[in-house]
Amino acid sequence: MVGKTLEKFCNVLRVLIGVLMVALCFPVAAQVIARYTGIIPVYLWTEELATFIFVWIVMIGSMIAVWDGTHFHVEVLKTAKSPRLKLVQGGFVLVLLILFGLLFTWYGIEYTKFGSIQNSVMLGANMALTHVSVPLAGLVWTLFAGYRLHKAVGEYRQSRTAP
């Protein structure tokens, strides 16, 4: 039940990142056309909007990567062969992800509060609109990594009881 709900949420994130990728094309195209052709005046707000969209793309992409297990990691030790050591290796990475997610959530709230008292220069948009991506990403990382850890422990338990 929880896994299906999280999968549906991740699918919404996938659609959202696709929409944002398409949306990113418009301010970037307008900026390129303005700079190199002179057909339209140079609008600095397009650069700011592209940056805001890009921030959201990166944060949503990181959420999806945690769900898919494709987030970056560095292999320091050789991949374990026994189920117990595989759980320890994978679980260690997931626990670290949960801790970083909690840190991003906790400190991201203050970061968002700080952004809420600022407006962007060109668009005049409240900076909390982009700053809130940090605690939101941290919360989603925590949820996704926590579920993946729960699932890994369940698979390990099941492998121990299998004949």
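Start by selecting arginine 14, which counts as partly exposed at 30% relative accessibility. On the scale used here, buried means under 20% relative accessible area, exposed over 50%, and partly exposed in between, with a 1.4 Å probe and protein chains only. This is a predicted model, in which local features need pLDDT of at least 70 and side-chain atom pairs count only at pLDDT 80 or more, while totals for chains, interfaces and linings use all residues. Residues are numbered from 1 along each chain as its sequence is written, and side-chain values use heavy atoms, with hydrogens and water left out.

**Stop 1: arginine 14 and its partner**

A salt bridge here is a side-chain nitrogen of Lys or Arg within 4 Å of a carboxyl oxygen of Asp or Glu. Aspartate 68 lies in helix α2 and arginine 14 in helix α1, so the pair ties together parts that are 54 residues apart in sequence. Helices (H or I, at least four residues) and strands (E, at least two) are DSSP runs, numbered from the N terminus. Aspartate 68 is partly exposed, with a relative accessible area of 39%.

**Stop 2**

Next select glutamate 47 and arginine 35, whose side chains form a salt bridge at 3.3 Å, N to O. Glutamate 47 belongs to helix α2 and arginine 35 to helix α1, so this pair ties together parts 12 residues apart in sequence. Is arginine 35 buried or exposed? At 51% relative accessibility, arginine 35 counts as exposed. Glutamate 47, at 42%, counts as partly exposed.

**Stop 3: the α1 and α2 pair**

Now show both helices whole. Two packed helices are described by the angle between their axes and the distance between the axes. Helix α1 covers residues 2–37 and helix α2 residues 44–68; they pack at an angle of about 155°, with their axes 8 Å apart. Axes are lines fitted to C-alpha atoms, for helices over the stretch in contact, and angles run from 0 to 180 degrees between N-to-C directions. α1 and α2 are therefore roughly antiparallel to each other. By the cut-offs, angles under 35 degrees count as roughly parallel, over 145 as roughly antiparallel, 65 to 115 as roughly perpendicular and the rest as oblique.

The crossing of α1 and α2 is left-handed. That label applies if the near helix is turned anticlockwise from the far one by less than a right angle; clockwise makes a crossing right-handed. The residues of this contact divide into 21 nonpolar, four polar and five charged. Ala, Val, Leu, Ile, Met, Phe, Trp, Tyr, Cys and Pro count as nonpolar, Asp, Glu, Lys and Arg as charged, and the others, Gly among them, as polar.

Within α1, pick isoleucine 17. Isoleucine 17 counts as buried at 18% relative accessibility. Its C-alpha atom is separated by 8.9 Å from that of valine 58, 41 residues apart along the chain.

**Stop 4: the loop**

Move to glycine 38, in the loop between α1 and α2. Glycine 38 is exposed, with a relative accessible area of 58%.

**Stop 5: α3 and α5**

Select α3 together with helix α5 (residues 133–161); their axes come within 7 Å and cross at roughly 160°. α3 and α5 are therefore roughly antiparallel to each other. α3 passes α5 in a left-handed crossing, and the residues of the contact divide into 19 nonpolar, nine polar and three charged.

In α3, find isoleucine 98, which is buried with a relative accessible area of 17%. Isoleucine 98 and glycine 138 are 40 residues apart in sequence and 8.4 Å apart in space, C-alpha to C-alpha.

Then select glutamate 110 and lysine 113, whose side chains meet in a salt bridge of 3.4 Å, N to O. The two are three residues apart in helix α3 (residues 83–115), and are separated by about one helical turn. Glutamate 110 is partly exposed, with a relative accessible area of 46%. The structure holds four salt bridges.

**Stop 6: the cysteines**

Finish with cysteine 10, buried with a relative accessible area of 0%, and cysteine 25, partly exposed at 47%. How many disulfides are there? With a disulfide taken as a pair of cysteine sulfur atoms within 2.5 Å, the count comes to zero.
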